[in-house]
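Subject: Structure handover

Hello,

Here is the structure I said I would pass on. My notes on its aromatic rings follow below it.

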Amino acid sequence: FFFFKTEWSFFFCFSLAVFYRRLKYMKVFVNLTGEINQMKEKGIKPNFSDLARRYGSDRKTVKKIWDNDGKPKRKASSRASRYDPYLEEISSLMARPSVSKKGVFMYLARKHAGEINWNYNTFKWYTRKKGIELRKAAVPHVAYETDPGEQMQVDWKENLIIHLSDGREIRFNVFSATLGFSRKHIFIYSATKTTNDFIRCTIEVFRRLGGTTRKLLTDNMSAIVSVKGSQKKVHPEISRFFADLDTELKLAKARTPQTKGKDENSNKFVKWIYPYDGNLDSEEELIDTIEHVIADQCNSQINTGTGLPPDVLFAKEKEYLRPLPGKVMLDSYIVEHHVETADSRLLVYHKGKWYSVPPECMNQRVDIYPIEDCIYIYFRGRLVAKHSISQKLKNYKHEHYRAAYEAVSGSSPVIEKRAEENLEKLERIGL
């Protein structure tokens, strides 16, 4: 006990001495800079040697304080930044139109995970230092909060374009939905944005959330209303749909995006897709990136309006959602929707033709939605394949056929080549 008490006393006295020395130094420094600033104001050139002697400092230090307006000049750090090896890639991504700084950061942090410690604050500082800061125009609006389960805001992010790694161009839309209380975001890929697409996406959002809200807020999109002059009328099928959902449809005022600002903010998250331009191999990978990777990222980020990640608050808000209507009622709104079982060849049947699905769907029931000249195949609420309606008997996507072949024979360059040769034979003979 005596040893512990002695050691503690020594530590306390030492800390007190260090604190006293620092306090004395700060007092001298403040007085010195104060006197120098007064001399500057009066236009008097100081005697650096005399000031150094009186304040117990070095003459060169006093002169540096004088030359730098009362602040000591610090040596510039020549230490390399952890982001230097990625400077060219950062500059290239930030130069792309419509990207956001957070989107570039999230893309790089995922692509180069494990190589360095990625931190968004240091990343922002680094881009500002290198002069590659993005400028954003701030639009002020009054914050508006809603009770749990009260409101969901939805909108389309329209006419997006992404190029795959092989150069193919994909044009698409994203249906974005945001819960008003928790800011939980749901993104759904859609090739078109018709009335049927709006109904299908709304149903899918509520299915993923596990319930419905009392109100749904959106703008005057053509999929919902027809406008003639100053008159607007909600489409009859939309009115019936929301009556069956027991959800009130509220339309935002024209040219007032701040009314549904929470979902306008979710559209910013959709811009996180642009850094992936040219870096994805298939449309299915694009869909998975939008609906899962980006959605998971933005729902796990702390929201500045609530101070918590949306997923955390959604755990509470979920209790306040209304139960989903019956499955039969919901399915009745999906045009020509039918369910098929994918066989061991990874094929599903639609109107006399067979279309491929990923290996995860084998022997599983999938939902098929024909829309215009394409069919969209969903598995457990997720879009897993898209095919153009064809006159060929069997329609395999290369990645599906290759995955099936590798599941049987293993993965190797020889196997991949053999799979491609067999697929070419099927295409030549029209199967």
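Phe198 and Phe242 are both buried, where buried means under 20% relative accessible area, exposed over 50% and partly exposed in between, with a 1.4 Å probe and protein chains only. This is a predicted model, in which local features need pLDDT of at least 70, side-chain atom pairs count only at pLDDT 80 or more, and totals for chains, interfaces and linings use all residues. Residues are numbered from 1 along each chain as its sequence is written, and side-chain values use heavy atoms, with hydrogens and water left out.

Rings of Phe, Tyr and Trp (its six-membered ring) are paired if their centres lie within 6.5 Å; planes under 30 degrees apart are stacked, over 60 edge-to-face, and the rest tilted. That rule gives 15 aromatic pairs.

One of them joins Phe175 and Phe198: the ring centres are 5.8 Å apart and the planes at 80 degrees, so this pair is edge-to-face. Phe175 is in strand 2 (residues 169-179) and Phe198 in helix 7 (residues 195-209), so the contact ties together parts 23 residues apart in sequence. Helices (H or I, at least four residues) and strands (E, at least two) are DSSP runs numbered from the N terminus. Phe175 is buried, as is Phe198.

Phe198 also pairs with Phe242, with centres 6.3 Å apart and planes at 45 degrees, so that pair is tilted. Phe242 belongs to helix 8 (residues 236-245), and the two residues are 44 apart.

Elsewhere, ring pairs connect Tyr83, Tyr86, Phe105, Trp118, Tyr120, Phe123 and Tyr126 into a cluster.

Regards
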